Amino acid sequence: MAYQGQKFTEPVMCKDGYVVMLPNVNVWGDRIATMPPDPYAESSAQLFPAGTKLIQGERVWRYTLAGATGLNIAAPLQQAKAIHGEQDDDIVVGAAAAIGATAVELTSTANLAAAPLSTADGIAEGYLIVNDAAGEGQLYKIRSHDAFVSTDDSTINLYDALTIALTTSSQCGLIQNPYRNVIATEAVVSGICVGVPLIAVTAAYWFWSQTGGPAPVVVQAAINLGTEVVVGTTAAKADPAAAATTELCIGHAMTPGVADTESCIVFLTLDR
């Protein structure tokens with residue numbers, strides 16, 4: 001059992017052959033489940049920190065939260081989309097922050113004051129990047145944050161301290177944790193692929209998304225053995241690779257993808 005304030009930095013192993021690697025973040029007591037984890041189960045309650053890594057042999061999973069829409073078995077998934085183009089970059093820093101600070105003030109806008117940013121800690125465990133001006137290039141995981149309201153300043157609390165000072169000329173971007181509020185891949189992928197579920201997943205439920213090794217994947221067209229498998233052509237399905245910049249390779253075919261809506265085995269290379 002873990003208690004608030006602890007940090008987990010080493011893998012947990014069990015006799016069933018699973019290795020669980022917890023993110024190096026604070027974890028609350030009821031967030032760690034009994035062992036072993038079950039990659040074929042879902043739950044309304046969160047049992048592990050988002051992004052917890054599960055390994056068994058050549059297969060890898062990540063602990064993931066479904067978005068507001070249920071997910072189909074074996075259908076490729078992507079990270080949640082930004083609420084608005086203003087979320088990704090160029091958010092104004094509302095107050096200077098010195099080296100060693102673990103809090104950054106960001107100025108909200110009407111476009112940013114929407115779910116999930118409009119709720120306190122709505123993107124906790126996500127990331128803040130300083131994308132321009134003083135402090136550019138820094139990236140930090142978000143511990144907690146105020147709700148974004150209108151054009152007020154909101155405090156973003158970080159796990160790690162700034163290594164370069166920020167000024168009011170600095171600009172930042174925010175993203176959710178890639179394993180929270182995931183959605184089916186779209187015809188034109190609008191985020192990184194974060195794996196495939198081994199079960200049908202209820203909306204807003206927690207589950208294990210497979211990200212590495214042999215996995216079942218629904219396809220849209222024939223895919224030859226050993227060739228690249230991509231997403232970014234057909235919504236919620238994988239496709240054979242083609243010369244298109246919107247496509248993202250997720251792995252290689254271990255069994256042939258035969259026809260639309262059928263599944264094949266793909267050796268996923270999203271995570272190892």
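A salt bridge is taken here as a side-chain nitrogen of Lys or Arg within 4 Å of a carboxyl oxygen of Asp or Glu. The model examined is predicted. By this rule, 4 salt bridges are counted. One of them joins the side chains of Lys-53 and Asp-271, with an N to O distance of 3.7 Å. This pair links distant parts of the chain. Lys-53 belongs to strand S4 (residues 53–56), while Asp-271 sits in the segment after strand S19 (263–269). The two residues are 218 residues apart. Both Lys-53 and Asp-271 are buried.

Asp-271 also forms a salt bridge with Arg-62. Here the closest N and O atoms are 2.5 Å apart. Arg-62 lies in strand S5 (residues 59–65) and Asp-271 in the segment after S19, so this contact ties together parts that are 209 residues apart in sequence. Arg-62 is buried, as is Asp-271.

Lys-237 is found in the loop between strand S16 (228–231) and strand S17 (239–240), and Asp-260 in the loop between strand S18 (248–253) and S19, so the pair ties together parts 23 residues apart in sequence. Asp-260 is partly exposed, with a relative accessible area of 39%.

Aromatic contacts were examined next. The structure holds 5 aromatic pairs. In one of them, the rings of Phe-48 and Tyr-63 have centres 5.4 Å apart and planes at 70 degrees. Planes over 60 degrees apart count as edge-to-face, so the Phe-48 and Tyr-63 pair is edge-to-face. Phe-48 lies in the loop between strand S3 (42–43) and S4, and Tyr-63 in strand S5. The pair links distant parts of the chain, 15 residues apart. Phe-48 is buried, with a relative accessible area of 3%. Tyr-63 is buried too, with a relative accessible area of 3%. Ring pairs link Phe-48, Tyr-63, Trp-206 and Trp-208 into a cluster.

Strand pairing was also examined. Strand S11 (residues 153–158) runs antiparallel to strand S8 (residues 103–107), and 5 bridges join the two. Within this pairing, Leu-106 has Ser-154 in S11 as its bridge partner. Strand S10 (residues 139–145) also runs antiparallel to S11, and is joined to S11 by 3 bridges. Ser-144 stands opposite Asn-157 in S11.

Technical notes. Residues are numbered from 1 along each chain as its sequence is written. This is a predicted model: local features need pLDDT of at least 70, side-chain atom pairs count only at pLDDT 80 or more; totals for chains, interfaces and linings use all residues. Side-chain values use heavy atoms; hydrogens and water are left out. Two strands pair if DSSP finds at least two bridges between them. Helices (H or I, at least four residues) and strands (E, at least two) are DSSP runs, numbered from the N terminus. Buried means under 20% relative accessible area, exposed over 50%, partly exposed in between (1.4 Å probe, protein chains only). Rings of Phe, Tyr and Trp (its six-membered ring) pair if their centres lie within 6.5 Å; planes under 30 degrees apart count as stacked, over 60 as edge-to-face and the rest as tilted.
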